[in-house]
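The structure goes in here before the entries.

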Amino acid sequence: MEKKQSKWIWKTVVAACIAASILSYMCIPSVKDMMNKIVTMFATGDFGVVREFVASYGNYAAAVSFGLMVLQSVMAPLPAFLITFANANLFGWWQGAILSWSSAMAGAALCFYIARILGRDAAEKLTSKAGLKQIDTFFDKYGKNTILICRLLPFVSFDIVSYGAGLTSMPFLSFFIATGIGQLPATIVYSYVGGMLTGGARFFVTGLLILFALSAFVAMVRKIYIEKQDKTRRKK
């Protein structure tokens with residue numbers, strides 16, 4: 001009884017926070033302008049724009065970067081690697097890597113608990129139904145190893161994986177450890193590369209990453225589709 005009551009309280013708190021955020025966006029012009037600016041900034045696909053935005057906050061730049069990473073985690077379609085590149089270019093590759101990794105971990109934990117507390121409907125609204133189905137397929141195929149495997153694949157959204165994990169019975173600690181280990185290699189590589197990118201090279205590398213991610217995603221979706229078709233034929 002106490003467990004159910006506690007879950008209901010947490011569900012109310014999280015729902016209230018999300019509702020308050022939505023109302024703030026709708027009713028407070030400055031909040032709406034800032035959010036629109038952030039979304040537009042990510043839509044450029046240029047980490048230099050993100051870098052300038054973060055740098056404009058001076059002594060609070062690291063805190064702003066941390067907040068941006070957590071925000072993009074909740075708003076899953078926003079690309080995290082732009083922040084990772086910007087952090088490395090602004091703070092140095094290893095300091096940027098620490099900032100990117102720790103803020104991504106905080107974002108992953110938040111996504112996990114949002115899904116666990118509010119359930120699938122909320123997770124689908126914050127991500128996408130198709131995206132969660134894709135992660136469901138991974139969990140069906142790889143079980144508890146899904147987190148580590150998906151964290152090592154650059155074309156799989158870290159954030160949707162976090163939401164998907166929250167919908168399973170996986171313990172948070174197991175999820176958190178696998179997430180930390182799995183996303184560390186990509187964070188280090190992106191940070192090292194991001195620290196060296198300047199001028200036209202940054203557009204070239206960013207374009208390659210996007211192209212690679214889209215190509216790999218299409219190939220994975222095709223593979224999943226073929227596997228489902230094979231299962232359907234076997235049942236017949």
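Entry one, salt bridges. I looked up Asp136 and found that this residue forms a salt bridge with Arg120, with the closest N and O atoms 2.4 Å apart. I count a salt bridge when a side-chain nitrogen of Lys or Arg is within 4 Å of a carboxyl oxygen of Asp or Glu. Asp136 lies in helix α8 (residues 129-142) and Arg120 in helix α7, so this pair ties together parts that are 16 residues apart in sequence. Helices here are DSSP runs of H or I with at least four residues, strands are E runs of at least two, and both are numbered from the N terminus.

The model is predicted, so I noted its limits: local features need pLDDT of at least 70, side-chain atom pairs count only at pLDDT 80 or more, and totals for chains, interfaces and linings use all residues. Residues are numbered from 1 along each chain as its sequence is written, and side-chain values use heavy atoms, with hydrogens and water left out.

Entry two, the other partner. I found a salt bridge between the side chains of Arg120 and Glu124, at 3.3 Å from N to O. These two residues are four apart in helix α7 (residues 120-126), which means about one helical turn separates them. The structure holds two salt bridges.

I read a relative accessible area of 31% for Arg120, which is partly exposed. Asp136, at 23%, also counts as partly exposed. The classes are buried under 20% relative accessible area, exposed over 50% and partly exposed in between, using a 1.4 Å probe and protein chains only. Through salt bridges that share partners, Arg120, Glu124 and Asp136 are joined into one network.

I located Ile38 in helix α2 (residues 29-43). Is Ile38 buried or exposed? Its relative accessible area is 6%, so Ile38 is buried. Leaving out residues up to four places away in sequence, Ile38 touches Phe53, Leu68 and Leu71, where contact means heavy atoms within 4.5 Å. I also checked Gln72, which is 34 residues from Ile38 along the chain, and the C-alpha atoms of the two are separated by 9.7 Å.

Entry five, the record. An unreviewed UniProt entry lists several spans as "transmembrane region", including residues 12-31 and 98-118. UniProt positions follow the numbering used here, feature names are shortened, and annotations may be inferred rather than shown by experiment. In the model, I found residues 12-31 to be 95% helix and 0% strand, with end C-alpha atoms 23 Å apart. Residues 98-118 are 100% helix and 0% strand, and their end C-alpha atoms lie 30 Å apart.
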